[in-house]
Amino acid sequence: MTKIDVNGAALSYDDTGTGNPLVLLHAGIADRRMWHRQIAPLADRYRVIAVDLRGYGESEPPSRSFAHHDDVIGLLDALGLQRATLVGSSFGGAVAVDATLAYPHRVDGLALLGTAISGHEWSEETNDLWEELVGDVDPTDLAATAAAEVRFWVVGPGRRPEDVDPDLVAFAREMDHRALTAEQALRTVDVVEADPPAVDRLGELRVPVLVTAGAADVPDIRRLADRIGDEAPHAVRLPDVPDTAHLLPLERPGPVNAALLDFLARI
């Protein structure tokens, strides 16, 4: 692990391999460790940079207003890189899209895995699923909240907890507990998103885009993947990955790595 100053904050990252650079952006319920099954296969051909976004993992908490997408480009600047391909999961995918819209000349391509999009409003169906699967949770009880979020996102609405690898569930809970602690600090500052938000600007994405989702993820995420596939001019919408929920790279590294390597070879 290495730390580097980006826009006045110390960000933690791993930098492995040589070749065209890839920046891996983690989910909001995780940190850069969620990519540990991608780094070695990708680093055989590419320079792979897995970063903890500001406030997450081992990166410094925010002390003032900032934008995650500015930090992504600031990381490229700090590393002396002109361009990179961005690979994002969930919230990290939203950051990747925002960075591409704000700095189109700095991004070679986008790979979006179960992605969120800035400006998207969750459907009533998603809210109802949360109530059905989780119900009321005390937000001050971080352990209970992490367990609830992992049940909802990592297990997914169509599966039972006993259907999922218990080691995956335990690791996801540990990462999410840490992320929830980070989010307490993030609430104290203004975290800037793309303006206008990305959800109505997908047609502006002029780079190659790979998008997929887990077949066991919440419906909103699968619909967002469909929308990106329909509206981004150079998007390839892969079929949903069977028996997989929100953290695709962690749960199904085999098909995810194969899809990423195929996409990267083509761009």
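User: What makes strand E1 (residues 2-6) and strand E2 (residues 9-16) a pair?

Analyst: This is a predicted model, in which local features need pLDDT of at least 70 and side-chain atom pairs count only at pLDDT 80 or more, while totals for chains, interfaces and linings use all residues. Residues are numbered from 1 along each chain as its sequence is written, and side-chain values use heavy atoms, with hydrogens and water left out. Strands are DSSP runs of E with at least two residues, helices are runs of H or I with at least four, and both are numbered from the N terminus. Two strands pair if DSSP finds at least two bridges between them; E1 and E2 are joined by five bridges and run antiparallel, so they count as a pair. Within this pairing, Asp5 stands opposite Ala10 in E2, and the two strands form a hairpin with two residues between them.

User: Why are E1 and strand E8 (235-237) called edge strands?

Analyst: Eight strands form an open sheet in the order E1-E2-E4-E3-E5-E6-E7-E8, with mixed pairing. E1 and E8 are its edge strands, because each pairs on one side only.

User: How do you know that helix H2 (residues 68-78) is roughly perpendicular to helix H3 (residues 91-102)?

Analyst: Axes are lines fitted to C-alpha atoms, for helices over the stretch in contact, and angles run from 0 to 180 degrees between N-to-C directions. The axes of H2 and H3 come within 8 Å and cross at roughly 70°. Angles under 35 degrees count as roughly parallel, over 145 as roughly antiparallel, 65 to 115 as roughly perpendicular and the rest as oblique, which means that H2 is roughly perpendicular to H3.

User: Which residues of H2 and H3 meet?

Analyst: With contact meaning heavy atoms within 4.5 Å, His68, His69, Val72 and Ile73 in H2 meet Phe91, Val95, Asp98, Ala99 and Ala102 in H3.

User: How do you know that the length of H3 agrees with its number of residues?

Analyst: The expected span of a helix is 1.5 Å times one less than its number of residues. The twelve residues of H3 should therefore span 16 Å, and its end C-alpha atoms are 17 Å apart, which agrees.

User: Why is H3 described as largely enclosed by the rest of the structure?

Analyst: Buried means under 20% relative accessible area, exposed over 50%, and partly exposed in between, with a 1.4 Å probe and protein chains only. Ten of the twelve residues of H3 are buried, so H3 is largely enclosed. Among them are Gly92, Val97 and Leu101, and the buried residues of H3 pack against strand E3 (21-25), H2, E5 and E6.
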